Amino acid sequence: MSKCIEAVTFKLNAGSDLSAFIDANGKVNAWAREQPGFLTRDLSQLEDDTWLDVVYWATMSDAKRAGETFMSALGDSAFMSMIDPASVKMSHGELRVAIKSE
């Protein structure tokens with residue numbers, strides 16, 4: 001089985017404090033590290049102030065399982081309270097090509 005990439009885009013609620021949002025990711029990172037199949041997570045702020053959250057999982061099943069428990073574990077977290085729920089878009093895909101620097 002190939003690795004799974006989870007890509008989530010979202011915007012922050014108006015007035016959210018950037019520093020507090022970055023700090024709130026500590027709880028998300030700690031939760032992710034405990035999930036079976038978690039490999040890595042990268043969070044980027046794009047030029048239009050959309051955020052891109054990319055998580056690599058060992059398998060699609062691992063990604064889906066984590067997704068099923070995410071809201072019960074973190075739905076009331078500071079991280080989630082700063083995200084505009086109407087802006088969230090999530091997708092999953094199997095890794096087809098990986099290129100690393102030499």
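A pocket is an open set of points, on a 1 Å grid over the protein atoms alone, where a 1.4 Å probe fits, with protein on both sides within 12 Å along at least five of seven lines; lining residues have an atom within 4 Å of a point. The model examined here is predicted: local features need pLDDT of at least 70, side-chain atom pairs count only at pLDDT 80 or more, and totals for chains, interfaces and linings use all residues. Residues are numbered from 1 along each chain as its sequence is written, and side-chain values use heavy atoms, without hydrogens and water.

The largest pocket has a volume of about 400 Å³, a volume being the space filled by probe spheres set on the points. Its lining holds 21 residues. Val 8, Phe 70, Phe 79, Met 80 and Met 90 lie nearest the centre. The lining divides into 17 nonpolar, 1 polar and 3 charged residues. Nonpolar means Ala, Val, Leu, Ile, Met, Phe, Trp, Tyr, Cys and Pro; charged means Asp, Glu, Lys and Arg; the others, Gly among them, are polar. H2 (60-74) gives the most, with 5 residues.

Helices (H or I, at least four residues) and strands (E, at least two) are DSSP runs. Four strands form an open sheet in the order S2-S3-S1-S4, with antiparallel pairing; paired strands share at least two DSSP bridges. S2 (38-45) and S4 (89-94) stand at the edges with a single partner strand each, so one side of each lacks a neighbour in the sheet. S1 and S4 pair over 6 bridges.
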